Amino acid sequence: MTLDETGSLETVDMATLTPTPTEDRLPRRFADFETLGDALDYAAQGVRGLNFHDARGKLVQAYGFVELRRDALEQARRLIAAGIRPQDRIALIAETGPEFAALFFGVIYAGAWPVPLPLPTSFGGAQSYIDQLRVQLESCDPALLIYPPEIGAMCAESARLTGVDATDWSTFSQRAAPEAELPRANTDDIAYLQYSSGSTRFPHGVAITHHALLNNLAAHSHGMKLIATDRCVSWLPWYHDMGLVGCFLSPVANQVSTDYLKTEDFARRPLAWLDMISRNAGTTLSYSPTFGYDICARRMSSQTKASERFDLSRWRVAGNGADMIRPDVMQRFVDAFADAGFNATAFLPSYGLAEATLAVSIMPPGEGIVVELVEETQLSGGTARADRPQRYRAVVNCGKPVRDMAVEIREEDGTPLPEKAIGKVWCKGPSVMVGYFRDEAATDACMADGWLDTGDMGYMSDGYIYIVGRAKDMIIVNGKNHWPQDIEWAVEQLPGFKQGDIAAFSITTPGGEETPAVLVQCRTSDEQERLRLRDEIRERVRSVTGMNCVVELVPPRTLPRTSSGKLSRAKARNLYLNGEIKPYAVAA
């Protein structure tokens, strides 16, 4: 079950397909290799591998690590024959499938640096994707772009605009692959470039060495307490750090059989993810951002018992990460799927970022979701007043620093803060990035003496990390800090709104004052109803924060997302200020 001579999947009898085994006689090694190529060399000695499923969760290809290695070595020879040399960047559109997997490791074996780039999303259309891809190609300056044939026109146009040589992977796989001596990578060589899904530092390519990657993957597997009978299911995109590092490279380096559902298929049928966990015997590991759990809980009818369709009793690690973890959403998921055997202690909150390879902290398995109630004035840097009612936010425990990772909470000037004090989160360890590719100024702006300024705000409590928000998202009005999440969550409590419908950020009024603006996706066409909603939202924000705000109702599917599906407040703000987001006209 490999690629045919055209680079496409061979036609096979689906009834004969069996997934790669969960267990293996090959002794498991926890990513203790010199290079990523060494990790695949070892995994290929066993019987585990990657398994790709269609939109309904039906297995379409079982791709053992031994087949992946064989195809990757062939792709490496093609790349060398094409003139690719060590340290060349090869841009790869990261579609979840065997073609990308073989090309990624082929680039590794050829000594070059793979650069995973995103697929188009449903937001923005073709031109938006062409522009995004063009900017990333200009940043990484690749020797070659290889892409899926299905989106060839957009990729070819981006390549034309940047002068990059480009080909689709079917055409590339028809090229000759003559025998060639493969270069030997060193553990401190750069392995790949990763583009963060966020817009705060976009489009800086994060440079990660083989040593940094494997150190983080070992720490991740030890943190999850990986066992011989673990099996993984994932729908996360391979162009995002959690999907690429946590759910593609980790299964190779830690020899875990994994079942994949494409991200776009999850978006269309979210419950297919839980179907796969239920159906694939032995599935114990699966990660998702908060919104993945949220959409599944919402799709379950209150009239239907989850136990009639799902069996989630074996799911021992239900990872949470990549966005702010919402305890209310996690509870809704538990309520929806407890009778299908889901155990709330399976939740495994974590915190990380591409600049640290992936994981910075992980909750010890079995501890589940733990929250602390933090008074609003602590979050805003003020002092509680006796004449006003106190308001609290539930902040989720994101676990303990992973092995070899140190974490400090610091003042703006770099002074370390004591326990329970909120400040900038800094981390240091072997898996922190080398820096941003060809951007020394951006690297210097966030790194000092081996320490990385994550750009996030949080505090430490009894050795655990609590994240309260991103420093650059903070809204400062009259010297007081306000978190946009608090405003957005307040609006979400109103009937008819959900997570992702609201974006809050700071703007400057014509009078020169800072004030929050709240963009809300509105589904009603009735003018009077819009007027009522606007007033209700404004009053809701005032009651929670004490601030007056600008409320703009916008059409559905207006608010921009990052490549991983998270709301992009920074992009929403820029589009709004540039007049590219058109609010509904609502009478005063």
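**Close-up views of rings, cores and a sheet**

**View 1. F104 and Y192 are both buried.** Buried means under 20% relative accessible area, exposed over 50%, and partly exposed in between, using a 1.4 Å probe and protein chains only. This is a predicted model, in which local features need pLDDT of at least 70 and side-chain atom pairs count only at pLDDT 80 or more, while totals for chains, interfaces and linings use all residues. Residues are numbered from 1 along each chain as its sequence is written, and side-chain values use heavy atoms, with hydrogens and water left out. The structure holds 32 aromatic pairs. Rings of Phe, Tyr and Trp (its six-membered ring) pair if their centres lie within 6.5 Å; planes under 30 degrees apart count as stacked, over 60 as edge-to-face and the rest as tilted. The pair of F104 and Y192 is tilted, with 6.3 Å from centre to centre and 50 degrees between the planes. F104 belongs to helix α3 (residues 98-109) and Y192 to strand β7 (residues 190-195), so that distant parts of the chain, 88 residues apart, are linked. Helices (H or I, at least four residues) and strands (E, at least two) are DSSP runs, numbered from the N terminus.

**View 2. W315 and F333 form an edge-to-face pair.** Their ring centres are 6.2 Å apart and their planes stand at 85 degrees. Because W315 is in the loop between α11 (290-299) and β12 (317-320) and F333 is in helix α12 (residues 327-337), the pair ties together parts 18 residues apart in sequence. W315 is buried, at 2% relative accessibility, and F333 is buried at 0%. Both rings belong to a cluster linked by ring pairs, which also includes W235, F266 and W273.

**View 3. In two places an arginine lies over a ring.** The charged end of R29 is over the ring of Y42, 4.9 Å from its centre. R410 lies over the face of W426, 4.5 Å from the ring centre. A charge sits over a ring if NZ of Lys or CZ of Arg is within 6 Å of the ring centre and within 35 degrees of the ring normal.

**View 4. The largest nonpolar core has 145 residues.** Such a core is a set of buried Ala, Val, Leu, Ile, Met, Phe, Trp, Tyr and Cys residues joined through side-chain atoms within 4.5 Å. F104, F248, W273, L274 and F337 touch the most other members. Helix α3 gives the most to this core, nine residues. Leaving out residues up to four places away in sequence, F337 touches several residues, among them L271, C296, M300 and F342. A second, separate core has 17 residues, including I487 and V551.

**View 5. Three strands form an open sheet in the order β26-β27-β28, with mixed pairing.** Strands pair if DSSP finds at least two bridges between them. β26 (502-508) and β28 (550-554) are at the edges with a single partner strand each, so one side of each has no neighbour in the sheet. Strand β27 (residues 514-521) pairs with β28 in the parallel sense over five bridges. A517 has V550 of β28 as its bridge partner. Helix α15 (residues 484-492) packs on the sheet and touches β26 and β27. Helix α17 (residues 569-577) also packs on the sheet, touching β26, β27 and β28. Contact means heavy atoms within 4.5 Å.

Note on methods: Axes are lines fitted to C-alpha atoms, for helices over the stretch in contact, and angles run from 0 to 180 degrees between N-to-C directions.
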